[in-house]
Amino acid sequence: MNHFQGNTVKDNLQKFMFEHAGVRGEFVELPNTWQAILSHQDYPQPVKIILGELLAAASLLSANLKFNGSMIMQIHGDGPIKLLVVECDSELRLRATAKLAANAVIADDATLSELVHSRGQGRFVITLDPNDKMPGQQAYQGIVPLDGDSIATIIENYMMRSEQLDTKLWLAADDQVARGLLLQKLPKIGGTESSVEDETEAWNRAVIMGSTLKQEELLSTDIETLMTRLFWEETLRVFEPLHPQFHCNCTREKVGDMLKMLGHEEVSTAIAELNQLDINCDFCGKHYSFDQVDCAQLFTATTLTEGIINPSQSSH
């Protein structure tokens with residue numbers, strides 16, 4: 001538990017800046033969000049660790065979104081793990097899920113590459129999806145190969161390639177909590193007195209300090225203690241903590257839209273065989289049922305519109 005939380009355990013994201021260096025940082029701990037996600041699925045241990053690390057990374061990067069919307073991180077795998085998805089919005093509301101290959105056999109010591117990049121076809125996708133898009137505006141999507149042997153390295157490489165930002169991540173997850181530390185070199189602002197050499201030295205020093213953090217230490221030590229232990233030589237500006245939380249925005253209407261995308265013929269065939277379509281949300285486990293009447297109504301609006309005859313076409 002965090003020493004500064006009192007008796008109420010909350011998920012925390014703590015931003016801070018190095019007062020005399022162009023470096024910013026964030027710590028995150030997600031016990032509640034992570035437990036909410038795991039309560040809906042029973043994943044093998046290596047899958048839990050990877051999904052938890054991706055969850056921590058998404059919250060750390062989403063804390064600096066400059067728009068009202070969502071960041072969606074996806075890993076499309078070519079091995080036992082077919083898909084990992086983490087979504088975090090600008091209010092730090094998170095959800096996550098994993099899809100495994102049919103009859104997947106996952107060893108306890110399986111590596112990330114073995115799980116998602118065994119044939120070299122895995123890819124990493126980040127989507128930035130604003131809620132209030134301008135007319136014609138599309139969500140921004142970046143797709144890159146899985147370049148790295150850990151979630152942290154893959155995202156660091158992505159950030160350097162697509163955003164030109166020096167970023168370092170330390171991530172960890174177990175059955176109880178997902179945690180992470182992010183350090184990022186701030187872009188140089190015109191008019192500042194520090195030289196490029198000074199800024200590089202300050203960045204390198206911050207990374208060296210961060211690199212002393214062991215995974216077990218990250219999992220078991222509260223944020224306040226970690227900040228003091230790692231950066232005791234630095235003057236830090238510490239901000240008010242933010243509180244991420246689990247949230248799933250699934251609705252019956254969205255599930256209906258998904259069924260409509262399958263098409264009238266496929267849904268009609270399925271409902272004829274089963275009498276009822278039972279669908280569980282992959283993110284929160286919420287159950288939705290559609291009977292024959294429900295499915296017919298999904299396509300009624302389209303059918304009615306197509307059946308309307310334009311007055312100019314009717315003959316008297």
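User: Helices (H or I, at least four residues) and strands (E, at least two) are DSSP runs, numbered from the N terminus. What kind of model is this?

Analyst: The model is predicted: local features need pLDDT of at least 70 and side-chain atom pairs pLDDT 80 or more, while totals for chains, interfaces and linings use all residues. Residues are numbered from 1 along each chain as its sequence is written, and side-chain values use heavy atoms, without hydrogens or water.

User: How many cavities of 30 Å³ or more turn up?

Analyst: One, from a search of the whole structure. A cavity is a set of points on a 1 Å grid over the protein atoms alone where a 1.4 Å probe fits but cannot get out. The largest cavity holds about 30 Å³ of space, a volume being the space filled by probe spheres set on points joined across faces, edges and corners.

User: Which residues line the largest cavity?

Analyst: Leu112, Ser113, Val116, His117, Leu146, Gly148 and Ile154 (lining means an atom within 4 Å of a point) form its lining. Helix H3, residues 112-116, gives the largest share, with three residues.

User: And by class?

Analyst: Four are nonpolar, three polar and none charged. Ala, Val, Leu, Ile, Met, Phe, Trp, Tyr, Cys and Pro count as nonpolar, Asp, Glu, Lys and Arg as charged, the others, Gly among them, as polar.

User: What volume has the largest pocket?

Analyst: About 680 Å³. A pocket is an open set of points with protein on both sides within 12 Å along at least five of seven lines. The largest pocket is lined by 27 residues, of which Glu87, Arg95, Asn249, Lys254 and Phe283 are the closest to its centre.

User: Which elements give two or more residues to that lining?

Analyst: Strands E3 (69-76), E4 (81-89), E5 (93-100), E6 (123-130) and E12 (276-280), together with helix H8 (252-262). By class, the lining of the largest pocket splits into 12 nonpolar, eight polar and seven charged residues.

User: Sheets next. What is the strand order in the six-stranded one?

Analyst: E7-E6-E3-E4-E5-E11, an open sheet with mixed pairing; two strands pair if DSSP finds at least two bridges between them.

User: How do E6 and E7 run, parallel or antiparallel?

Analyst: Antiparallel, with six bridges. Leu128 has Tyr140 in E7 as its bridge partner.

User: Where do H2 and H4 meet?

Analyst: Their axes come within 10 Å and cross at roughly 35°. Contact (heavy atoms within 4.5 Å) involves Ile50, Glu53, Leu54, Ala57 and Leu61 of H2 and Ile151, Ile155 and Met159 of H4. Of the residues in this contact, seven are nonpolar, none polar and one charged.

User: And the five-stranded sheet, what order?

Analyst: E8-E9-E2-E1-E10, open, with antiparallel pairing. E8 (167-173) and E10 (236-238) are at the edges with a single partner strand each, so one side of each lacks a neighbour in the sheet. On average, neighbouring strands here are turned by 15° against each other, direction ignored.

User: How many bridges pair E1 with E2?

Analyst: Six, joining residues 12-18 and 23-29 in the antiparallel sense. Lys15 is opposite Glu26 in E2. H4 packs on this sheet too, touching E8 and E9 (178-185), and makes about 155° with the direction of E8.

How values were computed:
Axes are lines fitted to C-alpha atoms, for helices over the stretch in contact, and angles run from 0 to 180 degrees between N-to-C directions.
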